[in-house]
Amino acid sequence: MTRAFLIVIDSVGIGGAPDADRFFNGHLPDTGANTVAHIARAEGLDVPVMDRLGLGAALALASGVTDAGLATTAPEGAWGAATEVSPGKDTPSGHWELAGVPVPWDWHYFPDTRPAFPEEVRQEACRLAGTDGILGDCHASGTEIIARLGEEHLRTGWPICYTSADSVFQIAAHEEAFGLDRLLDLCRGLAPMLHAMKVGRVIARPFVGAPGSFTRTPRRRDFAIAPPAPTLLDWAAGAGRPVHAVGKIGDIFSMRGITDVVKGPDAALMGHLHRLMDEAEEGSLTFANLVEFDSEYGHRRDVAGYRRHLEWFDAELGRLLSAARPGDLILVTADHGNDPTWAGTDHTRERVPVLAHGLGPAELGLMAFADVAATVADHLGVPARGPGRSRRPG
């Protein structure tokens with residue numbers, strides 16, 4: 001039997017999405033956004049491991065970019081560029097489709113108005129929180145709104161509710177004054193109403209500290225709408241294979257098909273990936289998401305930070321490849337773009353790289369997100385039930 005490690009480096013797009021003109025940051029369409037190319041042009045980018053696997057070649061295939069300082073010929077890995085068909089550029093859409101299930105509906109997005117939320121949602125949030133009101137009720141950056149409303153939250157006890165360009169309802173509350181369990185119960189209780197509206201996620205955003213020094217904690221929790229059909233994780237679990245979730249995979253897939261899950265910051269998650277390279281069973285699937293490319297650098301438009309994180313990941317990926325067993329598949333991809341040089345703070349609609357160790361040198365070409373799931377399932381010898389087709393050579 002063989003093992004598979006599917007690693008999503010969250011938001012590492014390579015431009016070229018054919019429908020980018022339908023997606024926007026403010027009033028600017030995403031046409032021309034290119035996370036990897038623009039970071040490389042602005043900062044330089046030293047990622048020799050991903051480049052050997054085919055990152056530069058995938059970038060050229062996806063968007064025609066050949067002047068980013070990355071190699072475009074003779075990759076040692078299997079490489080391609082994947083295009084999403086789901087009508088969103090968000091976390092659930094990308095991950096579900098990578099796992100074989102394109103999203104069959106349009107997500108609900110809250111308007112960028114004040115207030116942003118319908119009255120019935122406000123009332124239900126108040127009922128569940130046991131408060132007379134909520135704070136925020138608008139589009140906002142999470143760190144900004146906590147700095148702005150954290151003191152009022154401590155004074156009133158009202159939860160801070162906000163959204164973004166994604167299909168999300170986020171609730172920030174002080175871990176000690178409001179209570180972490182109370183925050184999680186509030187999000188859990190509100191989720192069914194919002195999921196029925198096709199809002200993708202209700203996100204608990206706990207923070208600590210005092211006015212002027214509030215900081216978010218790593219105990220974030222996403223209450224995501226369940227995938228509409230069995231995914232790669234269910235296919236593997238149904239075949240009796242262990243499925244190890246690393247990062248927010250458990251939240252994204254509502255724990256369906258998952259044997260165990262570990263969470264934490266990217267550095268800790270990378271430690272778990274190194275451990276699983278030693279400990280994961282034959283025939284198992286490890287599915288990881290490293291979110292800080294997106295949350296810490298893409299949304300904050302931090303080009304230098306994003307470059308450093310890519311280079312950190314590349315060095316760690318080299319260690320993972322060195323620890324791989326014969327027959328292992330290690331496949332690195334992304335769920336959308338988040339070009340830190342672009343306008344606004346939202347994700348960008350882009351193709352994503354598909355870089356694989358364990359399939360031999362091969363051009364996988366332009367492919368669908370769902371082909372990733374079919375390729376991984378084929379490698380594991382697990383029947384695939386989605387629309388994708390395996391790109392596994394031979």
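At what angle do helix H1 and H12 pack? Keep that question in mind as you look through the points below.

1. A word before we start: this is a predicted model. To answer the opening question, helix H1 (residues 35-43) and H12 pack at an angle of about 105 degrees, and their axes are 10 Å apart. Angles of 65 to 115 degrees count as roughly perpendicular, so H1 and H12 are roughly perpendicular to each other. On the H1 side, the contact is made by Thr35, Ile39, Ala42 and Glu43, while H12 brings Val303, Ala304, Tyr306, Arg307 and Leu310.

2. Beyond residues up to four places away in sequence, Leu232 touches Leu6, Ala99, Leu285, Ala373, Val376 and Ala377.

3. Now for the annotated site. An unreviewed UniProt entry places the feature "binding site" at Asp294, His299 and His347. These residues span 54 residues in sequence, yet no two of their C-alpha atoms are more than 8.3 Å apart, so they gather at one spot. Asp294, His299 and His347 are also included in the lining of the largest pocket.

4. Asp294 is found in helix H11 (residues 292-298). With a relative accessible area of 4%, Asp294 falls under the 20% cut-off, so this residue is buried. Setting aside neighbours within four places in sequence, Asp294 is in contact with Asp10, Ser11, His299, His336, Asn338 and His347.

5. His347 sits in the loop between strand S14 (329-333) and strand S15 (352-357). His347 is buried too, with a relative accessible area of 1%. Apart from neighbours within four places in sequence, the residues in contact with His347 include Asn25, Asp30, Lys89, Asp90, Thr91 and Asp166. His347 also contacts Asp294 and His299, which share its "binding site" annotation in the unreviewed UniProt entry.

6. Finally, a wider view. The unreviewed UniProt entry carries the annotation "domain: Metalloenzyme" for residues 264-383. In the model, this span is 45% helix and 20% strand, and its end C-alpha atoms lie 32 Å apart.

Key:
Residues are numbered from 1 along each chain as its sequence is written. This is a predicted model: local features need pLDDT of at least 70, side-chain atom pairs count only at pLDDT 80 or more; totals for chains, interfaces and linings use all residues. Side-chain values use heavy atoms; hydrogens and water are left out. UniProt positions are given in the numbering used here, feature names are shortened, and annotations may be inferred rather than shown by experiment. On a 1 Å grid over the protein atoms alone, a cavity is a set of points where a 1.4 Å probe fits but cannot get out, and a pocket is an open set with protein on both sides within 12 Å along at least five of seven lines; lining residues have an atom within 4 Å of a point. Helices (H or I, at least four residues) and strands (E, at least two) are DSSP runs, numbered from the N terminus. Buried means under 20% relative accessible area, exposed over 50%, partly exposed in between (1.4 Å probe, protein chains only). Contact means heavy atoms within 4.5 Å. Axes are lines fitted to C-alpha atoms, for helices over the stretch in contact, and angles run from 0 to 180 degrees between N-to-C directions. Angles under 35 degrees count as roughly parallel, over 145 as roughly antiparallel, 65 to 115 as roughly perpendicular and the rest as oblique.
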